[in-house]
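Visitor: I would like to learn how to read a few features of a protein model. Where do we start?

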Amino acid sequence: MELKIKALDTDFLIVGGGTAGCYAALTFCEESEGRILIAEKADIKRSGCLAAGVNAINAYIVPGRKARDYVNYAMSDAEGIARDDLLVTMAEGLNRTVSKLESLGLTILKNEEGQYVTRGNRNIKINGENMKPILADAVAAQKKITVLNRVNVFDYIVEDNRIRGAFAISVDEPVLYVISAKAVLCATGGASGLYQPNHPGFSQHKMWYPPFNTGAGYAMGIRAGAEMTTFEMRFIALRCKDTIAPTGTLAQGVGAKQINSLGEIYEQKYGITTSQRVHGTVMENLEGRGPCYLKTEGITKEQDEDLQKAYLNMAPSQTLRWLESGLTPSLQNVEIEGTEPYIVGGHTASGYWVNTNRETTIKGLFAAGDVAGGCPQKYVTGAFVEGEIAAKAALKYLGDTIAPPDEEKVQAAKSRLESFCNACPSSVSADDLEKAMQAVMDEYAGGIGAHYRYSEQSLKTAAEKIEGIEQQAQLLFAAEPQELVYILELLERLTLCKSVIAHLRARKETRWHSFAEHTDYPQTTPQWNLYINSRLINGELTVFFRPLVKEGAIYEH
Amino acid sequence: MSIEISKNLCVGCGRCVRVCPGSLIRLDGKALIPRPERCWGCASCVKECPVQAISMFLGEDMGGLGGKLAVRKENTRLHWTVRKPDGTCLTLMVDSRSSNKY
């Protein structure tokens, strides 16, 4: 297989047409006459986290609350390891993006006075099954936006720490795209598939986070020498057993409490932050009081039916489970379990180290949504706001001139890819190595099988084994473009695994149960009130610390 | 967790190929999913199919009982049907203009 080269140029390249990417494209369009190119490895109609839909806006400033309340909530959930300046700029924009989505056609539940109906202190109720098609339609209506579907960006083009575009390959044809751009937004989403999932067999992709989000954005940043932050703050979701469907709708919608097999409500015992809820469930199981459930038995018939419909709008597998078994939530409590760990900056603080404009340490490269660090509890609306902030800030580069990369650089990228296409067909596949990687991470870097725990020694072992798998991966063979994409995705995950392990090793405390449970250091200590950041310097992954950006302060690069 | 595409019902329009967020469906006259274990279960293709040729099921490894979930679109309404192995069917309707209550 020989790759044909196709050169493209644009003003603003958006890598990933998901939640943040689409919103950024729409904003850039409103603010300038510049050209926008969205490179999306699937198709923007249903790609990214919103594929199945979402049934609530989870980040919203409800009447009577202020942006600061939201910032305080997110900061407290992160036990202080988040950026005040990023949280403030995000929280201030949340409600604005909801109005915009409503004008595009999103259904939001309203009361008789025409006000949004709230669910708790930060949520409003919507019908978000079609949120992604709504965004995709809005993007399609703009002539200045070109969407390149089924094209996978795998590396940035950077010179003198200034972004100049990116390399991409087609999922369908042997084509290498060389895209020149004045500014680039990374909006690829976070990473799943680093750890062995709940169901490693046939249902291996029945996971919380999109299995197609491979951490490409993180890996490209790491390789290009961007500064990254807080990879040790992993995210583990507490979900309905097997279907991995959301539990928030049961907990907040019908007030279902977490109970153990003895029927005792255990959530107060451990605390109610996200990590404490997971940890409590792990502990109840370990101490012989599992399985654990959300207590739904006894809810009304009407609530039961409404729940079945609500899940069809975001996690239809759960409704299928209820209906095929006949055991709907009013008849049987819903069993819960923790997922495997993910790296996802929309929920925790992992990702690119950015300034308040969401610009990374590479000039002209922005990050929004799950790849942007320091700003947890973003959910959908927070990702929109970050896309909006980044798009507005990217305007300043419109006047720049960017020359296409040197031929030498293009040929190097081409021959690297072709080395996989021309390798000897081997007995080992990218799938095999992915499973090996997931098993290592599970056992030695705190996966489900290790009850999310790790030690200095186990992390050292994990690092060595991941290194070995990475060497084997260089010899993989791709017979067609899709297989080449799978190899690149495996390499992205391996790059990220190494950074995650390095960050877990660096934080010598247990700040968040389960998310980062270090058995050698089971306590939290104030000396770790700092950010753990990392950067590739002369090919070496270097970990360093930064002081916290506290209330009122603003970090600048 | 995956999908099943009925060869008899599929008309080969390719709309499912387009919407799959994992680019897992191919068109060879009719739609097929060569690697069903890579499916996320998002149901995008199930909703997109104009002839209800695609249904989703829960794998046995996650406690699936053989039920199949398909959906028919009628303007803003989605009619979801679960067909159990014994042939019985249950249908639920969700209108995208009405918000969910939870």
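Guide: Start with contact, which here means heavy atoms within 4.5 Å. This is a predicted model, in which local features need pLDDT of at least 70, side-chain atom pairs count only at pLDDT 80 or more, and totals for chains, interfaces and linings use all residues. Residues are numbered from 1 along each chain as its sequence is written, chains are lettered from A and ligands numbered from 1 in the order in which they are written, and side-chain values use heavy atoms, with hydrogens and water left out.

Visitor: Which residues is A:Asp84 in contact with, leaving aside its neighbours within four places in sequence?

Guide: With that exclusion, A:Asp84 touches A:Arg68, A:Val71, A:Met75, A:Val549, A:Lys550, A:Glu551 and A:Gly552. The residue sits in helix H3 (residues 84–91) of chain A; helices (H or I, at least four residues) and strands (E, at least two) are DSSP runs, numbered from the N terminus. The side chain of A:Asp84 also makes a polar contact with that of A:Arg68, at 2.8 Å. A polar contact is a pair of N or O atoms within 3.5 Å; within protein, one must be able to donate a hydrogen and the other to accept it, and residues adjacent in sequence count only if both atoms are side-chain atoms.

Visitor: Is A:Asp84 buried or exposed?

Guide: Buried means under 20% relative accessible area, exposed over 50%, and partly exposed in between (1.4 Å probe, protein chains only). A:Asp84 has a relative accessible area of 5%, so it counts as buried. A:Phe366, in strand S17 (residues 365–367) of chain A, is buried at 0%.

Visitor: What is A:Phe366 in contact with, leaving aside its neighbours within four places in sequence?

Guide: Its contacts include A:Ala183, A:Val184, A:Leu185, A:Cys186, A:Arg358, A:Ala390 and A:Tyr397. A:Ala393 is also one of them; it is 27 residues from A:Phe366 along the chain, with 8.7 Å between the C-alpha atoms.

Visitor: How is the length of helix H12 of chain A read?

Guide: The expected span of a helix is 1.5 Å times one less than its number of residues. H12 of chain A (residues 379–394) has 16 residues and reaches 23 Å from its first C-alpha to its last, close to the 22 Å expected. Because 14 of its 16 residues are buried, H12 is largely enclosed by the rest of the structure.

Visitor: What about the backbone?

Guide: Most residues other than glycine have a negative phi, and most peptide bonds are trans. A:Arg358 has a positive phi, near 65 degrees; this residue is in the loop between strand S16 (351–352) and S17 of chain A and is buried at 0%. B:Gln52 has a positive phi near 55 degrees and is partly exposed at 30%. The peptide bond from A:Gly290 to A:Pro291 is cis, with omega near -5 degrees. A:Pro291 is in the loop between helix H9 (274–286) and strand S14 (292–294) of chain A.

Visitor: How much area do chain A and chain B bury between them?

Guide: Buried area is the accessible area (1.4 Å probe) that two parts lose on being put together, summed over both. For chain A and chain B the value is about 4,900 Å², 56% of it on carbon and sulfur atoms. Chain A gives 61 residues to the contact and chain B gives 52 residues. Between the two chains there are six salt bridges. A:Asp431 and B:Arg38 meet in a salt bridge through their side chains, at 3.2 Å from N to O.

Notes: Salt bridge = Lys/Arg side-chain N within 4 Å of Asp/Glu carboxyl O.
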